Amino acid sequence: MQYVTLGKTGIKVSGLCLGALPMGPSQKNMSPEDGAKVVKRALELGIDFIDTAQGYRTYGHIRPAVEETGIRPVIATKSPAATYEDMDAAVKEALSALNVDVIDIFFLHAARGGMEVFEKRAEAHRCLLEYKAKGVIRAVGISTHNAKVAAAAAKREDIDVVFPIINKKGRGIQEGTREDMEQAIRDCYGAEKGVMLMKLLGGGSMADEFEEAMEYGRKLADGKAAIVLGMVSPEEVDMNVAWFEGKDLAAHKEKVKVQPKEFFMLSGMCIKCGKCMEMCHNNAIAMEETGARIIKENCLTCGYCVDACPQFIIRMV
């Protein structure tokens with residue numbers, strides 16, 4: 001396993017990071033026991049970096065694996081909280097649920113946010129910075145799909161780590177092109193920010209182009225950034241580690257049958273509240289006379305809309 005240091009944070013991590021989003025209820029809805037098996041396998045193979053979030057609801061998948069193996073990975077989490085009080089609660093929730101005294105990286109979860117995010121989340125950001133000053137958080141960051149926000153974060157002294165969306169097709173990037181986001185990432189390197197790359201497979205839409213998509217990410221990471229991949233089985237962990245170590249994937253591909261993710265809405269039950277549209281950060285939901293409709297070509301299959309729907313009519317297949 002290769003390791004990278006995240007900018008000037010001093011935090012050294014495996015270049016491959018386990019993304020915990022797809023284990024949670026918005027996607028695979030794995031039990032904590034099954035999720036822990038995936039995390040345990042990753043830790044045993046040298047992946048010592050895990051990305052999660054308050055909204056993923058996967059703290060319970062991570063904690064038992066850490067306790068069973070005795071391996072304490074670097075943990076990054078995030079919250080969409082906008083107020084000081086809500087972010088304070090989010091930090092305390094993470095510390096308690098993960099049974100740790102320190103959170104390594106805590107992000108403002110701002111996938112949908114534009115340049116106004118720094119102002120709108122100012123109090124939540126202040127809360128994180130205060131926890132950092134106390135030593136409870138090691139680094140403060142922002143996760144974003146917005147090229148302008150990523151570029152602005154490179155210039156801010158109060159942001160240690162930037163977590164942007166990027167992939168070879170530029171899927172999901174807001175307020176900019178793939179080239180704009182690439183430049184923002186290079187700006188972050190130049191400013192000695194830690195960088196983590198998300199959605200190199202476009203939320204699973206490029207799973208059949210795995211090696212090409214991942215090689216694009218490896219080149220962009222350039223030994224400076226960690227690559228975050230969602231994983232939902234020990235076999236998937238094995239394959240991803242094998243790719244990262246430059247091994248042949250033929251045997252692994254026979255064991256890992258990649259099924260493209262797709263979300264659908266149960267017809268006739270939508271109350272047209274629009275909450276799914278508000279949550280979607282890639283304009284992948286349209287409201288029609290009969291109700292909400294998923295625009296498949298825009299969907300990043302993150303599943304955030306699943307939790308937003310009060311009628312529970314959005315499902316993953």
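Student: What share of the residues in the protein chain is buried?

Tutor: Buried means under 20% relative accessible area, exposed over 50%, and partly exposed in between, with a 1.4 Å probe and protein chains only. Here buried residues make up 55% of the 317 residues in the protein chain. This is a predicted model, in which local features need pLDDT of at least 70 and side-chain atom pairs count only at pLDDT 80 or more, while totals for chains, interfaces and linings use all residues. Residues are numbered from 1 along each chain as its sequence is written, and side-chain values use heavy atoms, with hydrogens and water left out.

Student: Which residues touch the most other members of the largest nonpolar core?

Tutor: A nonpolar core is a set of buried Ala, Val, Leu, Ile, Met, Phe, Trp, Tyr and Cys residues joined through side-chain atoms within 4.5 Å. The largest one has 95 residues, and F49, M87, I105 and M196 touch the most other members. Apart from it lies another core of 14 residues, including A284 and I314.

Student: What does M87 touch?

Tutor: A contact means heavy atoms within 4.5 Å. Leaving aside residues up to four places away in sequence, M87 touches S79, A81, F106, L108, A124, C127 and L128.

Student: How many of the contacts join residues 24 or more positions apart?

Tutor: Such pairs account for 71% of the contacts in the protein chain with a separation of 6 or more.

Student: What does the C-alpha trace span along its principal axes?

Tutor: The spans are about 55 × 50 × 40 Å.
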